[in-house]
Amino acid sequence: MKTVISASQFTKEDLVRLLEASRKIEEALKSRRQLPLLDEYVLATLFFEPSTRTRLSFESAMHRLGGRVITTVGVQFSSLAKGESLFDTMKMVESYADIVAIRHPLEGASHIAAKTVSIPVINAGDGAGEHPTQALLDLYTINKHKDLSRYIRLAFIGDIRNGRTIHSLLQLMAHFPSELIFISPAELSLPDKYKEMLKQSRIPFQETENIEALLDSDVAYVTRIQEERFTDRSEYEKFKDYYSVDRELIEKSRRGTIVMHPLPRLTEVSTDLDNHPSAVYFEQATNGLYTRMALLLELLNVPLQI
Ligand code: CP
C-alpha cells in the first residue's frame, strides 16, 4: 500500500492486519513502552480545512513513533493563498517530507496530490468525498465493542449525503457480516454511487427518516449536518437540528446500541449521553492515535517490532 485515498483500497487482509497492529500499539502505549520506529522520518500535515482530531492524532502518532512533523494549516498560511497550484505545493512537500497527510475541500484533491509525488499520500478528508483513516479508527472501535466476526447492524444517522466518514466506513463494513440502516431526511440521503457499491458487495441496507430505527442497531453512528457543504443556507437551517440522540432514546435500545460520532458534534448527540456506557465517541477519537500509528508504519514499510 503506497497511498490511502479511498476506503475501497483496503482488502479484508489489510484491515485485519492493521487492526491487530493497532491493538498491539494500544497495549504498548498503555504499558508506557517506547516505540521509536520512525526516528528517521518526517510527516507533513497539510490541512486546508479545519481539523482537531485528524491533524493532532496524525501528529501525535508520528511523535510517539519517534518521527518529526512539519505542517501547514489553512490555505491562508500556505502559498496556495498566493495562487500556487496543488501540483507545485506537493512537489515541494515531496522534498521536505517522507509521507504526507492532506485535507482539502475539493473532492479528489488527495488523488491529484498522490499522482504528483512519489512519497505516500494519505487522504485526511477530501470535501464531501471520503475520510478513509477515520473509517479505520471507526472499524477498530466497532471491533472493540461488538466483534466484527459477528453480524453487526450499523445505523448511520444525519447528513448521509455529505458525510465523508460514512462514505468510507460503509465500504469497510462490506468486508464483514453486516446490515446498514441509513437514517436521514430524504434530501440528505446516501448518494447513488455508494448504494451501487453496497448492492455489488451484497450488503443489505435500508433507508428511513425514522430515528427510532436505531433502536434495532448494534451501533448508532451519528453525524453532524455538514454546514460547510451546503450552498443553500435555508436548506442547512431546515436540517441542522433535525435529529438529536439522547439518553432517553438510547435507553430504549433493544440491542445494547453503542453511540459513535466522528466529532465535532453540535446538537445531534445530547451531552446528557456523555457519561452513559453506550457513548463511545471520545474513546473512538482516542483510537485514532493507535490506528494512525499502525498506518504510518505500514505506509513507510517499517515493521512493528514489539
Ligand atoms: N473526525 C474528524 O475528522 O475530526 P476533525 O475534523 O477534528 O479532524
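Which residues does T116 touch, not counting residues up to four places away in sequence? Hold that for a moment. One caution: this is a predicted model.

Now the answer. T116 touches F87, M90, K91 and E94. T116 itself sits in helix 4, which covers residues 109–116. Its relative accessible area is 9%, so T116 is buried. A polar atom of the T116 side chain lies 2.8 Å from the backbone oxygen of I112. For a sense of scale, take L273. T116 and L273 are 157 residues apart in sequence. In space, their C-alpha atoms are 45 Å apart.

Next, the ligand. Which residues surround the ligand? Here is the list: S51, T52, R53, T54, R103, H131, Q134, P262 and L263. Let me pick out three of them. Start with S51. A polar side-chain atom of S51 lies 2.6 Å from an oxygen atom of the ligand. Then T54. A polar side-chain atom of T54 also lies 2.6 Å from an oxygen atom of the ligand. With L263, look at the backbone. A polar backbone atom of L263 is 3.1 Å from a nitrogen atom of the ligand.

Stay with L263. Where does L263 lie? In the loop between strand 9, residues 258–260, and helix 10, residues 281–299. Is L263 buried or exposed? Buried, because its relative accessible area is 13%, and buried means under 20%. Leave aside its neighbours within four places in sequence. L263 is then in contact with R53, Y281, F282 and A285. R53 is also one of the residues around the ligand. Compare S189, which is 74 residues from L263 along the chain. Their C-alpha atoms are separated by 20 Å.

One more point on this loop. A cis peptide bond joins L263 and P264. Omega there is about 5 degrees. P264 is in the loop between strand 9 and helix 10.

P264 leads us to R224. Not counting residues up to four places away in sequence, R224 touches D159, H261, P264, L266 and E268. R224 is in the loop between strand 8, residues 219–222, and helix 8, residues 233–239. R224 is buried, with a relative accessible area of 14%. Its side chain makes a polar contact with the side chain of E228, at 2.8 Å.

On to helix packing. Two packed helices are described by the angle between their axes and the distance between the axes. Our pair is helix 6, residues 164–173, and helix 7, residues 192–200. The angle is about 10 degrees, and the axes are 10 Å apart. That makes helix 6 roughly parallel to helix 7. Which residues meet? From helix 6, H167, L170 and Q171. From helix 7, Y194, M197 and L198. By type, the contact has 4 nonpolar residues, 2 polar and no charged.

Last, two backbone details. R32 has a positive phi, near 60 degrees, and is a residue other than glycine. R32 is in the loop between helix 1, residues 12–30, and strand 1, residues 42–47. Its relative accessible area is 73%, so R32 is exposed. N301 is not a glycine either, and its phi is positive at about 55 degrees. N301 is found in the segment after helix 10. At 68% relative accessibility, N301 counts as exposed.

Notes: Residues are numbered from 1 along each chain as its sequence is written. This is a predicted model: local features need pLDDT of at least 70, side-chain atom pairs count only at pLDDT 80 or more; totals for chains, interfaces and linings use all residues. Side-chain values use heavy atoms; hydrogens and water are left out. Helices (H or I, at least four residues) and strands (E, at least two) are DSSP runs, numbered from the N terminus. Buried means under 20% relative accessible area, exposed over 50%, partly exposed in between (1.4 Å probe, protein chains only). A polar contact is a pair of N or O atoms within 3.5 Å; within protein, one must be able to donate a hydrogen and the other to accept it, and residues adjacent in sequence count only if both atoms are side-chain atoms. Contact means heavy atoms within 4.5 Å. Axes are lines fitted to C-alpha atoms, for helices over the stretch in contact, and angles run from 0 to 180 degrees between N-to-C directions. Angles under 35 degrees count as roughly parallel, over 145 as roughly antiparallel, 65 to 115 as roughly perpendicular and the rest as oblique. Ala, Val, Leu, Ile, Met, Phe, Trp, Tyr, Cys and Pro count as nonpolar, Asp, Glu, Lys and Arg as charged, and the others, Gly among them, as polar. A residue is near a molecule or strand if one of its heavy atoms lies within 4 Å of it.
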